[in-house]
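I opened my notebook to look up a pocket, a sheet and an aromatic pair. Here is the model, followed by my entries.

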Amino acid sequence: MTDTIFGKIARGEVEADIVYEDEDVVAFRDLNPQAPTHLLVIPRKPIRTLSEAGPEDAELLGKLLLAAAKVAEQAGITKGGYRTVINCNAGAGQTVFHLHLHVLGGRALQWPPG
C-alpha cells in the first residue's frame, strides 16, 4: 500500500487537529471542511478503501462507526443531526486512499447529497 497523509497522521508523523484517538482509530478536523463541523475518522491500520476491507476488519469497521458517534457527541452535533459518509474510490470522491469516514454537521444538510 502506498503511504498517505492519513497513514502519517495515524502514526503521529504529521500533525493534525486530533479530537479523538485510541489504539485503533484517530479522528481529526478536516482541513477543507464542507460543513461547520467536518471531522475525519480513520483506522490506524492502512486499508485503501472500504471495498478492500475484509472479514478480518469487521470489528475495526464497527470501531470506526462508534468513534464517529463519539466525536459527533463531543462536537455537540448529535441532537441537531449529522451525516456520516464513506467515499469509495475516485468516482465517488475519494481523494486519499486510506479508508476514512466523514462526520458532517452543524447545519442543515441537503438531500440528495451529490
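**Notebook: pocket, sheet and rings**

I began with the lining of the largest pocket, which by class has 15 nonpolar, 11 polar and six charged residues. My classes: Ala, Val, Leu, Ile, Met, Phe, Trp, Tyr, Cys and Pro are nonpolar, Asp, Glu, Lys and Arg charged, and the others, Gly among them, polar.

A note on the source: this is a predicted model, where local features need pLDDT of at least 70 and side-chain atom pairs pLDDT 80 or more, while totals for chains, interfaces and linings use all residues. Residues are numbered from 1 along each chain as its sequence is written, and side-chain values use heavy atoms, leaving out hydrogens and water.

**The pocket**

I looked up the volume of the largest pocket and found about 700 Å³. Asp 30, Asn 32, His 38, Leu 40 and His 102 are the closest to its centre, out of 32 lining residues. A pocket here is an open set of points on a 1 Å grid over the protein atoms alone, where a 1.4 Å probe fits, with protein on both sides within 12 Å along at least five of seven lines; lining residues have an atom within 4 Å of a point. The points are joined across faces, edges and corners, and the volume is the space filled by probe spheres set on them.

Which element gives the largest share of the lining? I found helix 1, with three residues. At least two residues each come from helix 1 (5-10), strand 2 (25-29), strand 3 (37-43), strand 4 (82-85) and strand 5 (101-105). Helices (H or I, at least four residues) and strands (E, at least two) are DSSP runs, numbered from the N terminus.

Next I traced an open sheet of five strands, ordered 1-2-3-5-4 with antiparallel pairing; strands pair if DSSP finds at least two bridges between them. Strand 1 (18-21) and strand 4 are at the edges with a single partner strand each, so one side of each has no neighbour in the sheet.

I followed the hairpin of three residues that joins strand 1 to strand 2. Three bridges link these antiparallel strands; Tyr 20 has Ala 27 in strand 2 as its bridge partner, and Ile 18 stands opposite Phe 28.

**The rings**

I then found one aromatic pair in the structure. Phe 6 lies in helix 1 and Phe 28 in strand 2, 22 residues apart. Rings of Phe, Tyr and Trp (its six-membered ring) pair with centres within 6.5 Å; planes under 30 degrees apart are stacked, over 60 edge-to-face and the rest tilted.
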